[in-house]
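Hi everyone, thanks for making time today.

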Amino acid sequence: PMTVHEGRIYSLFIECGPEYPEKAPQVRFLTRVNLSFVDARSGAITQLKTLAGWHRGLSLEQLLLDIRRYEGAVLV
């Protein structure tokens, strides 16, 4: 609430390969966004603390919360 995110819906594609949870899932935005950690063309998340330091103890919930916490998301 009370942020640029309020009232907006963002769609993500999350693919957990056969090596999940040992290997991080691939995540990309289907909704166009302007975020420093998202490739503008593909929507792929290229740099995010949770993905960079992925280990078996992390969850998709933690990943989504990390994305949600990022400030400055703007629809294009």
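I'll start with the overall layout, then go through the pairs, the core and the helices.

Two housekeeping points before that. This is a predicted model, so to speak of local features we ask for pLDDT of at least 70, and side-chain atom pairs count only at pLDDT 80 or more, while totals for chains, interfaces and linings use all residues. Residues are numbered from 1 along each chain as its sequence is written, and side-chain values use heavy atoms, with hydrogens and water left out.

Now the layout. The protein has 2 helices and 2 strands, and from the N terminus on they run β-β-α-α. Helices here are DSSP runs of H or I with at least four residues, strands are runs of E with at least two, and both are numbered from the N terminus. Of the 76 residues, 25% count as buried. Buried means under 20% relative accessible area, exposed means over 50%, and partly exposed is in between, with a 1.4 Å probe and protein chains only. The protein exposes about 5,600 Å², and carbon and sulfur atoms supply 52% of that area. The areas come from the Shrake-Rupley method with a 1.4 Å probe, and for residues only the protein chains shown count as cover.

What about contacts, meaning heavy atoms within 4.5 Å? Taking those with a separation of 6 or more, 46% come from residues 24 or more positions apart.

Let's turn to the aromatic pairs. We count rings of Phe, Tyr and Trp (its six-membered ring) as a pair if their centres lie within 6.5 Å; planes under 30 degrees apart are stacked, over 60 edge-to-face, and the rest tilted. How many pairs does this rule give? The count is 2. In one of them, the rings of Tyr10 and Phe29 have centres 6.5 Å apart and planes at 85°, so this pair is edge-to-face. Phe29 is buried at 6% relative accessible area, whereas Tyr10 is partly exposed at 23%.

The rings of Tyr20 and Trp54 make a tilted pair, because their centres are 6.0 Å apart and their planes are at 35°. Again distant parts are linked: Tyr20 is in the loop between E1 and E2, Trp54 is in the loop between H1 and helix H2 (60-69), and 34 residues separate them. Trp54 counts as buried at 11% relative accessibility, while Tyr20 is partly exposed at 27%.

The structure holds 1 salt bridge, that is, a side-chain nitrogen of Lys or Arg within 4 Å of a carboxyl oxygen of Asp or Glu. Which residues form the salt bridge? Glu22 and Arg56 do, with their closest N and O atoms 2.6 Å apart. Glu22 lies in the loop between E1 and E2 and Arg56 in the loop between H1 and H2, so the pair ties together parts that are 34 residues apart in sequence. A nonpolar core is a set of buried Ala, Val, Leu, Ile, Met, Phe, Trp, Tyr and Cys residues joined through side-chain atoms within 4.5 Å. In the largest one, with 13 residues, Phe29, Phe37, Val38, Ile45, Leu63 and Ile67 touch the most other members. E2 and H2 are the elements that give two or more residues to this core. Val38, leaving aside neighbours within four places in sequence, is in contact with Phe29, Val33, Gly43, Ala44, Ile45 and Thr46.

Ala44, one of those partners, is in the loop between strand E2 (26-29) and helix H1 (49-52). Is Ala44 buried, exposed or partly exposed? With a relative accessible area of 24%, Ala44 is partly exposed.

Finally, the helices. The buried residues of H2 are Leu63, Asp66 and Ile67. Seen down the helix axis, they fall within an arc of 100°, so they line one face of H2; the arc is that of the directions from the axis to the C-beta atoms. An α-helix has 3.6 residues a turn, so residues three or four places apart point the same way. On the other side of H2, Glu61, Arg68 and Arg69 are exposed. The cover over the buried residues of H2 includes E1, E2 and H1. In H1 we find Thr50, which is buried at 11%. Not counting residues up to four places away in sequence, Thr50 touches Leu58, Gln62, Leu63 and Asp66.

Notes. Contact = heavy atoms within 4.5 Å.
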